[in-house]
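Reader: I am new to this structure. Please show me how to read its features.

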Amino acid sequence: MKSTLFYFALLTSFWSASQTLTISDNSTREKLGSVILSDKNNKVVSSNNNGTVDISVLDKNGEISVYHPSHSLYVLSDT
């Protein structure tokens, strides 16, 4: 399995005022498209081919699950 996604940008932006994230591979720094993020209410958004995703529709008062076919599931939490 490929290395885990690079979540530093995701985590930083998750709690900041920004609502747009860029998701990239941890080892190659390649931007990843088709990354799915979902909240506890099953609202779903996905990253475009440039790895950019707008999370403004997601509920940030709980966990956000991050999925990609070539990577492990990752769960972000506000706790």
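Reader: How many salt bridges does a search of the whole structure find?

Author: A salt bridge is a side-chain nitrogen of Lys or Arg within 4 Å of a carboxyl oxygen of Asp or Glu. The search finds one. Asp59 pairs with Lys40, their closest N and O atoms 3.7 Å apart. The two residues are 19 apart and link distant parts of the chain. Asp59 is in the loop between strands S6 (52-54) and S7 (64-67), Lys40 in the loop between S4 (36-38) and S5 (44-46). Strands are DSSP runs of E, at least two residues, numbered from the N terminus.

This is a predicted model: local features need pLDDT of at least 70, side-chain atom pairs 80 or more, while totals for chains, interfaces and linings use all residues. Residues are numbered from 1 along each chain as its sequence is written, and side-chain values use heavy atoms, without hydrogens and water.

Reader: Is Asp59 buried or exposed?

Author: Buried means under 20% relative accessible area, exposed over 50%, partly exposed in between (1.4 Å probe, protein chains only). Asp59 has 18%, so Asp59 is buried.

Reader: In what order do the four strands form the open sheet?

Author: Two strands pair if DSSP finds at least two bridges between them. The order is S5-S4-S7-S8, with antiparallel pairing. S5 and S8 are the edge strands, each pairing on one side only. S4 and S5 share three bridges. Leu37 has Val45 in S5 as its bridge partner.

Reader: Where is Val75, and why does Val75 count as partly exposed?

Author: Val75 is in strand S8 (residues 74-76). Its relative accessibility is 38%, so Val75 counts as partly exposed.
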